[in-house]
Amino acid sequence: MFDAAFTEAFRKRFASRQEWNRPEFWPVLTDPKRASQLEWLSLTISQFGDSQRHNVLQRLQTNKHFLATYNELAVAALLGESDLTVEYDEKFPWKDGVLTPDLTLRSATGDLVGLVEVWTRFRTTEQRGHEMQWKELRARVGRIPRPVRLLLTDLHHTPSRPPDSGQTRKIAAHLDKWLQQLDTAIGATCEVEGYHFQAVSSLPGLRADVATPSGTDWQTADMVRKSINVKVSRYADLASSLDVPLVVVLAAEPVLPLSLDMLREALAGSQVIAIGLDPFTHDPIPSVSIPFHAKDIPAEFHPALSMVGWLEVSIDEP
């Protein structure tokens with residue numbers, strides 16, 4: 001699937017970009033250490049039809065769709081270890097349009113035996129945009145030939161938003177000169193473009209590093225139940241008309257506070273909240289209001305929903 005011709009075309013298309021602006025699929029395809037990861041991806045995709053393979057390959061190469069598509073393929077790979085045949089984005093005429101469940105399951109005789117939907121919790125578009133900007137700063141600072149860990153400090157006076165590309169270049173150039181000075185010791189501080197940095201420790205290796213904010217987020221059990229219901233409401237009637245079970249699998253970006261424990265609490269009817277606190281954030285801890293339950297009543301869904309699953313995302317640990 002990912003032969004030399006595909007890899008070469010992919011490299012030519014994106015190699016000229018700076019490392020922080022390349023697709024998330026780049027390390028998966030180009031890092032030799034990811035060979036086993038690429039192998040199961042290739043095997044899974046090769047079992048789909050031509051148009052489905054084309055769609056999957058296109059989605060993997062765009063950051064907007066990469067993680068959701070990767071998670072769908074991971075679920076397909078796991079289900080494919082059974083005697084079932086897994087198909088991707090199969091089209092079902094429905095009312096005045098078409099429904100395309102993420103995955104459909106067929107028996108060895110070709111009979112349809114299940115529909116699977118994979119829901120991935122993402123950060124907001126703004127958060128992902130900020131992460132791209134912080135990623136550029138980390139990459140440029142990582143080129144400085146001084147093995148020192150930098151930390152953003154004086155948070156009351158440091159901007160809460162990441163610097164833009166122009167500011168980032170100026171910051172990196174200034175930090176480079178500052179770190180090369182003989183009198184720049186651990187504990188020293190520097191202010192540039194309104195951002196305050198402190199050299200907090202030495203590092204192994206040859207290059208500098210900077211810790212940047214990832215943002216603070218939260219998740220409640222009500223949000224989990226609502227997410228399941230969104231998928232169920234869209235596909236339950238189709239599953240019922242086909243007389244097959246519907247399965248919903250949940251996943252989340254690794255930095256978000258959605259977990260298997262949270263899912264279990266949500267299904268049990270508990271009201272819980274999880275907050276992912278970022279020690280490097282500039283923003284205040286969010287204030288979240290949630291209703292209390294007089295008693296925990298297990299969640300109820302449409303009868304077509306047969307099972308709810310959880311996918312632990314480990315893209316960097318194939």
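Modeller: Let's start with Glu126 and Arg161, which form a salt bridge whose closest N and O atoms are 3.4 Å apart. Glu126 lies in helix 6 (residues 125-141) and Arg161 in the loop between strand 6 (148-153) and helix 7 (165-180), so this pair ties together parts that are 35 residues apart in sequence. A salt bridge here is a side-chain nitrogen of Lys or Arg within 4 Å of a carboxyl oxygen of Asp or Glu. Helices (H or I, at least four residues) and strands (E, at least two) are DSSP runs, numbered from the N terminus.

Keep in mind that this is a predicted model: local features need pLDDT of at least 70 and side-chain atom pairs count only at pLDDT 80 or more, while totals for chains, interfaces and linings use all residues. Residues are numbered from 1 along each chain as its sequence is written, and side-chain values use heavy atoms, with hydrogens and water left out.

How open are the two partners? Glu126 has a relative accessible area of 49% and Arg161 one of 47%, so each counts as partly exposed. The scale calls a residue buried under 20% relative accessible area, exposed over 50%, and partly exposed in between (1.4 Å probe, protein chains only).

Now compare another pair. Glu87 and Arg106 form a salt bridge too, with 3.6 Å between the closest N and O atoms. This one links distant parts of the chain, from Glu87 in strand 1 (residues 85-88) to Arg106 in strand 4 (residues 103-106), 19 residues apart. Glu87, at 28% relative accessibility, is partly exposed, whereas Arg106, at 17%, is buried.

There is also a bridge between the side chains of Glu131 and Arg138, at 2.7 Å from N to O. Elsewhere, salt bridges with shared partners join Glu24, Arg123, Arg128 and Glu253 into one network. Across the whole structure, a search finds 15 salt bridges.

Finally, your helix. In helix 1 (residues 4-14), Phe6, Thr7, Phe10 and Phe14 are buried. They sit on the same side of helix 1, because they cover an arc of only 95 degrees around its axis; the arc is that of the directions from the helix axis to the C-beta atoms. An α-helix has 3.6 residues a turn, so residues three or four places apart point the same way. On the face turned away from the buried side of helix 1 you find the exposed residues Ala4, Ala5 and Lys12. The cover over the buried residues of helix 1 includes helix 2 (26-30) and helix 4 (50-60).

Definitions and conventions
Contact = heavy atoms within 4.5 Å.
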